[in-house]
Structures are given as structure tokens and as C-alpha cells.
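Please examine the sequence and the model shown below. The paragraphs that follow lead through the strands, a loop residue, a helix and finally the chain as a whole.

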Amino acid sequence: MSVSVEQQAHYRRHPGALWRATRSFLVACVPPGDVVHIRGSAATVWSLLAEPVTVAEVARQVAALGRVDRARANCDVDALVEQLVALGLVLPVSAGGGPL
């Protein structure tokens, strides 16, 4: 299933998600779904998705950490959020956090 995310739309973690994260990976699921293991910046992105936030803002914060430039952060965060939305781990929400 292909999902497209909007840079200025707001997203946040699914409130029913069970998860654990370290600096280098994320393990998460929304019961009764499958457990997902994602490496790289997933844990950082996941932490930023605790509250409603735009993909553009997440990318800006990832780039500010100094590991990648802004263009790379935009591309990587966009792809990761698309993956997390497709898996049901992240939801599009209103700016105030309510469902769309």
C-alpha cells in the first residue's frame, strides 16, 4: 500500500502503539499488528512524533542534529513517515491533535 505524506500536514504516533526505541532503532506495533523493527533515525523521528508535528518540522529538527543536510533529512523523514503511516503506527491529525 503506497501512502503519500504532505510536508505541512500534521502527524503523530498512534496512541495505541506499543514501542521501544534506542539511539539506533525503533521497535513498534499497534496490537494486534505485527512488530516492526526500523533502524537509523527512526527513533529520533518517533520521539518527535509524540505531539502533532509537520513532516517539514521533523526534517528541520533532524537536520539540526547535524548528521545530514536539510535536503537529505527532508527525503529520509518523508520516506520514513510514509512507511510509518502505511503501517498504521503514525496517524495524520489536525494541528490540534484531533483525528482528521
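Ala28 has Val36 in S4 as its bridge partner. In this predicted model, local features need pLDDT of at least 70 and side-chain atom pairs count only at pLDDT 80 or more, while totals for chains, interfaces and linings use all residues. Residues are numbered from 1 along each chain as its sequence is written, and side-chain values use heavy atoms, with hydrogens and water left out. Strands (E, at least two residues) and helices (H or I, at least four) are DSSP runs, numbered from the N terminus.

S3 and S4 run antiparallel and are joined by 4 bridges; two strands are said to pair if DSSP finds at least two bridges between them. Strand S2 (residues 18-21) also pairs with S3 in the antiparallel sense, over 4 bridges, and Leu18 has Cys29 in S3 as its bridge partner. A hairpin is formed by S2 and S3, with 3 residues between them. Together, 3 strands make an open antiparallel sheet in the order S2-S3-S4. S2 and S4 stand at its edges with a single partner strand each, so one side of each has no neighbour in the sheet. On average, neighbouring strands of this sheet are turned by 15° against each other, direction ignored; the axes are lines fitted to C-alpha atoms, for helices over the stretch in contact, and angles run from 0 to 180 degrees between N-to-C directions.

Is the loop residue Asp34 buried or exposed? Asp34 lies between strand S3 (25-29) and strand S4 (36-39). Asp34 counts as exposed because its relative accessibility is 67%, where exposed means over 50% relative accessible area, buried under 20%, and partly exposed in between (1.4 Å probe, protein chains only). Leaving aside its neighbours within four places in sequence, Asp34 is in contact (heavy atoms within 4.5 Å) with Ala28 and Cys29. Asp34 and Leu87 are 53 residues apart in sequence, and their C-alpha atoms are 9.1 Å apart in space.

A further open sheet has 3 strands in the order S5-S1-S6, with antiparallel pairing. Its edge strands are S5 and strand S6 (90-93), each of which pairs on one side only. S1 and S6 run antiparallel and are joined by 4 bridges; His10 stands opposite Val93 in S6.

Attention now turns to a helix. In H2 (residues 55-64), the residues Val55, Ala56, Val58, Ala59, Val62 and Ala63 are buried. They are on the same side of H2 because they cover an arc of only 160° around the axis, the arc being that of the directions from the helix axis to the C-beta atoms. What do the buried residues of H2 pack against? They pack against strand S1 (10-13), helix H1 (42-48), strand S5 (53-54) and helix H3 (70-86). After H2 comes Gly66, whose phi is positive, near 85°.

The whole protein chain has 3 helices and 6 strands, which follow the pattern β-β-β-β-α-β-α-α-β along the sequence. Of its 100 residues, 36% are buried. Among contacts with a separation of 6 or more, 55% are between residues 24 or more positions apart. Along the principal axes, the C-alpha atoms fill a box of roughly 35 × 30 × 25 Å.
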